[in-house]
Amino acid sequence: MSEIFAELDAACQAFAQQENIPGLVAGIVQGGRLAHVTTVGLADIEAARRVEPATAFRIASMTKNMTALAVLSLRDQGRLSLDAPLGEYVPQFASVRAATRDSRPVSLRDLLSHMAGFVTDDPWGDRVLGMTPAELDSMIATGHLFARAPGLAFEYSNLGYALVGRALTNVSGEPYQSFIRRTILKPLGMHATTFDPSEAMKGDYAFGYRLDEGQWSRERIEPDGEVGAMGGLVTTVPDYARYVAFLLSAWPARDDEEQGPVRRSSVREMGQWHAPPFAIERLAGRPPLATAYGSGLMSSADPRLGRWLHHSGGLPGYGSHVLMLPDRGRGVFAFGNRTYAQMSRLTIRLADMLHDADSQRPVTPPSTVLTRAVEAFVAAYAAGRIEVAEPVLAVNFLLDMPARLRDKELAALKQRLGEGRLELIEPVHALAGRFALICAHGRLRGTITLSPDAAPGIQKLVLVAEDA
């Protein structure tokens, strides 16, 4: 792997130069651990202090998926409902005038998926992280919150996640930041992660910069405040790698005992679409990808890399992005210290490079019932009689196509391809999959679907011959 890591380092260096970013750091998570770190440039231009693996960066809206995870943990404990009116958890919101007389109440689910009907507020939200509780109360009471009725369309809202943070504070009985620290950061060993930039600045901290007319200047440091749930985290590569490894450990679904601070099923729920899909911009030379927002994570379908779970972050002085490939157990993330640096361009590039170096998908073993069904079919193919597989045939199978016609199909395939042996079984899930036989004159490929009854049997079988 040393060769590909050297190539990743070079790609990060080239990206920093191309995008004119003072300093950046990138991490690769694989196999449940931090596999590689790349550092480039300066954390402090004035002092000529370089970025190190443990340099702390603000990650802005990448905070949102941790906020969503905290909400789901309280839901799992039965302490809140995602679909209850928000006013149950934020009493001030019960007095907010609805968008229209016929609007339904806003729920936590609406806020988590940016479906509450609020206006997009990225520039505004970035400058109000230090909002006080009283200022948020005033915002709820007097703000022009609604751009449209809830539930009609996706529109990214920092204010929505600020209200999620208030709900977490009220339901948990402790400040949002304290709850996150106690229930997520501490159990995962993320001791260098904080919401307080002034605390982070006492150590190895990356200052944020902007470039105007060829001159670098430090951005104003936005303090921690009442609305940190929307984008307040400061973290390091070693810490954030622990978090990414925990999220990735939720795949695949399995019978193992729970190990993390939140259920694996709830982690997987974060990537499930609640908002309508939309086409994401062309990234890294790709066509627009089908993308939708779940709960704190976007989910995209990429024909090359498979499914991504991802989120960006941007603040004055900072840009960040995390990209996770749950089916490969791989995560790529990067932090930079220039205002709104488009770090997704780098993470996608790094993910592509890793894909090229190791394109083999992790092997998922087929279930016992799927293996039994495929092996029974292989025996039937060898004998030329479908009745050989009768113990694993579902009740509909020979009713849909009589045995004599199945035997005729097997005879024609065998005459064309010759004898065969099982090459592979590739499960789609526990009750369906694909298989292939290597034959004397080509391959026989099949797709198989089992029935959902007590003894799953073959309910559907499609066979395709490929000549040598």
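Biologist: Which residues does Leu-463 touch, not counting residues up to four places away in sequence?
Modeller: Leu-463 touches Phe-377, Glu-409, Leu-410, Leu-413, Phe-435, Leu-444, Arg-445 and Gly-446, where contact means heavy atoms within 4.5 Å. This is a predicted model, in which local features need pLDDT of at least 70 and side-chain atom pairs count only at pLDDT 80 or more, while totals for chains, interfaces and linings use all residues. Residues are numbered from 1 along each chain as its sequence is written, and side-chain values use heavy atoms, with hydrogens and water left out.

Biologist: Is Leu-463 buried or exposed?
Modeller: Leu-463 counts as buried because its relative accessibility is 14%; buried means under 20% relative accessible area, exposed over 50%, and partly exposed in between, with a 1.4 Å probe and protein chains only.

Biologist: And where in the chain is Leu-463 placed?
Modeller: Leu-463 lies in strand 17, residues 458-467; helices (H or I, at least four residues) and strands (E, at least two) are DSSP runs, numbered from the N terminus. The C-alpha atoms of Leu-463 and Arg-445 are separated by 5.8 Å, although these residues are 18 residues apart along the chain.

Biologist: Moving on to helix 14, which of its residues are buried?
Modeller: The buried residues of helix 14 are Ala-403, Arg-406, Asp-407, Leu-410, Leu-413, Lys-414 and Leu-417. Seen down the helix axis, they fall within an arc of 125°, so they line one face of helix 14; the arc is that of the directions from the helix axis to the C-beta atoms.

Biologist: What do those buried residues of helix 14 pack against?
Modeller: They pack against helix 12 (368-383), helix 13 (397-400), strand 15 (432-439), strand 16 (442-450) and strand 17. The face of helix 14 turned away from the buried side carries the exposed residues Arg-404, Lys-408 and Gln-415.

Biologist: What comes just after helix 14?
Modeller: Just after helix 14 there is Gly-418, which takes a positive phi of about 85°.

Biologist: New topic: what is the strand order in the open sheet of nine strands?
Modeller: The order is 3-2-1-13-12-11-10-9-8, with antiparallel pairing, and two strands pair if DSSP finds at least two bridges between them. The edge strands, each pairing on one side only, are strand 3 (49-50) and strand 8 (278-279).

Biologist: How many bridges join strand 1 to strand 2?
Modeller: Eight bridges join strand 1 (residues 23-30) to strand 2 (residues 33-44), and these strands run antiparallel. Leu-24 stands opposite Val-40 in strand 2.
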